[in-house]
There are 2 protein chains.
Amino acid sequence: MISDLKPYVERLRSSGLRPTKQRLSICKVLFDRKATFHFTIDQLKKKIEKSRKSKISLATVYNTVHAFKNNGYLKEISLRGNKTFFDTNVTSHYHFYDYETGELMDIKNEEIIVNKLPLAPKGKKIKDVEIIVRVANNNHNQKK
Amino acid sequence: MISDLKPYVERLRSSGLRPTKQRLSICKVLFDRKATFHFTIDQLKKKIEKSRKSKISLATVYNTVHAFKNNGYLKEISLRGNKTFFDTNVTSHYHFYDYETGELMDIKNEEIIVNKLPLAPKGKKIKDVEIIVRVANNNHNQKK
DNA sequence: ATTTAGTTTAGAACAATTATAAATTAGAAA
DNA sequence: TTTCTAATTTATAATTGTTCTAAACTAAAT
Ligand SMILES: [Mn+2]
Ligand SMILES: [Mn+2]
Ligand SMILES: [Zn+2]
Ligand SMILES: [Zn+2]
């Protein structure tokens with residue numbers, strides 16, 4: 001009740017959601033930051049529970065994240081594996097992915113120049129281009 | 001026992017696997033084709049069971065697919081969602097992904113030209129660059 | 001033929017996600 | 001304020017995809 005919650009209240013309202021205590025906790029973790037936050041649901045849930053010092057229901061986290069995603073406040077990232085990753089950076093950009101550590105890092109749009117793209121298949125339209133630059137530690141001679 | 005199974009036997013042996021009936025069934029579905037096959041495990045299992053007209057254990061499909069992936073005969077594709085997609089095309093290439101139909105299509109390496117890539121983060125090395133061009137039907141005004 | 005290590009299998013276990021339905025709460029209305 | 005209602009939270013169940021297990025089976029070496 002101290003800090004400025006207005007922007008979160010608006011963000012929630014514009015997503016068709018009431019500004020509850022739980023949702024405001026989620027907003028603080030997601031949007032009160034300068035750098036991009038890439039996360040899985042369980043990582044987010046842990047951060048929320050640390051910051052508010054009380055539990056939050058897993059269903060609430062899922063529901064709110066999905067609402068934000070559907071309203072363009074979060075993006076989902078294409079990655080191998082069976083966990084879903086989300087991104088607070090909703091501008092058009094690309095990623096480094098260190099598959100050894102699981103760490104994602106933004107690559108600004110202008111840092112990759114794509115000079116040629118194929119035409120979309122007949123009757124289809126290109127919606128977006130995702131680029132994942134997979135990286136790993138220099139020294140080790142790891143497979144795949 | 002009629003068709004030429006030698007190449008599959010070799011592929012299995014070189015993956016450290018004995019050529020069993022089940023594994024040869026899997027090989028026929030995976031490798032006896034001209035065009036790329038993009039699949040999930042359950043799609044593959046259904047095709048195998050249609051082609052051999054008897055059931056195959058899910059564990060055998062998983063095990064064999066993983067062995068082939070680890071030995072470079074299959075690739076895993078980065079995609080949103082919680083199902084894992086595999087690819088019989090192990091050459092370097094990119095993809096169209098129609099997220100309305102779930103359909104994946106190859107884009108040849110030379111059809112996309114990347115003219116600028118950022119340096120890998122300090123101490124890390126670029127292992128590969130995945131590009132997914134997400135497409136959807138022209139007409140509909142679908143969200144996301 | 002015998003032996004043995006590798007394989008298949010059904011089912012259990014596990015992990016991520018989604019669904020359910022009862023208790024709680026936000027916020028409008030009185 | 002208090003009352004009322006629909007929205008929300010929650011614990012838990014259900015569902016889905018994947019991995020593990022251990023007993024039955026089989027390839028292939030001896
Ligand atoms: Mn995936
Ligand atoms: Mn994913
Ligand atoms: Zn990002
Ligand atoms: Zn492909």
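This is a chat about a predicted model of two protein chains, A and B, with DNA strands C and D.

Trainee: Let's start with strand D. How many residues surround DNA strand D, and which are the closest?
Mentor: 21 residues surround DNA strand D. The closest are T20(A), Q22(A), R13(B), Y62(B) and K83(B).

Trainee: Which part of DNA strand D is within 4 Å of the protein, bases or sugar and phosphate?
Mentor: Of the DNA strand D atoms within 4 Å of the protein, 83% belong to sugar or phosphate, and the rest belong to bases.

Trainee: What does Q22(A) have close to a sugar or linking oxygen of DNA strand D?
Mentor: An N or O atom in the Q22(A) side chain, 2.7 Å from that oxygen. R18(A) uses a polar backbone atom instead, which is 2.8 Å from a phosphate oxygen of DNA strand D.

Trainee: Now strand C. Which residues are the closest to DNA strand C?
Mentor: R13(A), Y62(A), K83(A), T20(B) and R23(B), out of 20 residues that surround DNA strand C. Sugar and phosphate make up 83% of the DNA strand C atoms that come within 4 Å of the protein.

Trainee: Where does the largest share of the surface near DNA strand C come from?
Mentor: From α4(A), with 4 residues. The classes near DNA strand C are 7 nonpolar, 7 polar and 6 charged.

Trainee: What is the distance from the T20(B) side chain to a phosphate oxygen of DNA strand C?
Mentor: An N or O atom of the T20(B) side chain is 2.3 Å from a phosphate oxygen there. For T84(A), the distance from a side-chain N or O atom to a phosphate oxygen of DNA strand C is 2.7 Å. For a polar side-chain atom of T60(B), the distance is 3.4 Å.

Trainee: Change of topic. How many bridges join β7 of chain A to β7 of chain B?
Mentor: 13 bridges join them, and the two strands run antiparallel. Each β7 covers residues 124-137. As one example, D128(A) has R134(B) as its bridge partner.

Trainee: And how does β4 of chain B run against β7(B), parallel or antiparallel?
Mentor: Parallel, with 4 bridges between them. D98(B), for instance, is the bridge partner of V135(B).

Trainee: Y97(B) is in that β4 strand too. Why does Y97(B) count as buried?
Mentor: Because its relative accessibility is 10%, and the cut-off for buried is under 20%. Residues that Y97(B) touches include L79(B), L104(B), I132(B) and V135(B). The C-alpha atoms of Y97(B) and V135(B) are 5.9 Å apart, although 38 residues separate them along the chain.

Trainee: Are F39(B) and F86(B) buried or exposed?
Mentor: Both are buried. In chain A, ring pairs link F31(A), F68(A) and Y73(A) into a cluster.

Methods:
Residues numbered from 1 in each chain as written. Chains lettered and ligands numbered in written order. Predicted model: local features only at pLDDT ≥ 70, side-chain atom pairs only at ≥ 80, totals over all residues. Heavy atoms only, no water. Near = heavy atom within 4 Å. Polar contact = N/O pair within 3.5 Å; in protein donor to acceptor, adjacent residues only side chain to side chain. Pairing = 2+ DSSP bridges. Buried < 20%, exposed > 50% of the residue type's maximum accessible area, 1.4 Å probe, protein only. Contact = heavy atoms within 4.5 Å. Phe/Tyr/Trp six-rings, centres within 6.5 Å; stacked < 30°, edge-to-face > 60°. Nonpolar A, V, L, I, M, F, W, Y, C, P; charged D, E, K, R; others polar. Lists of a residue's contacts leave out its neighbours within four places in sequence.
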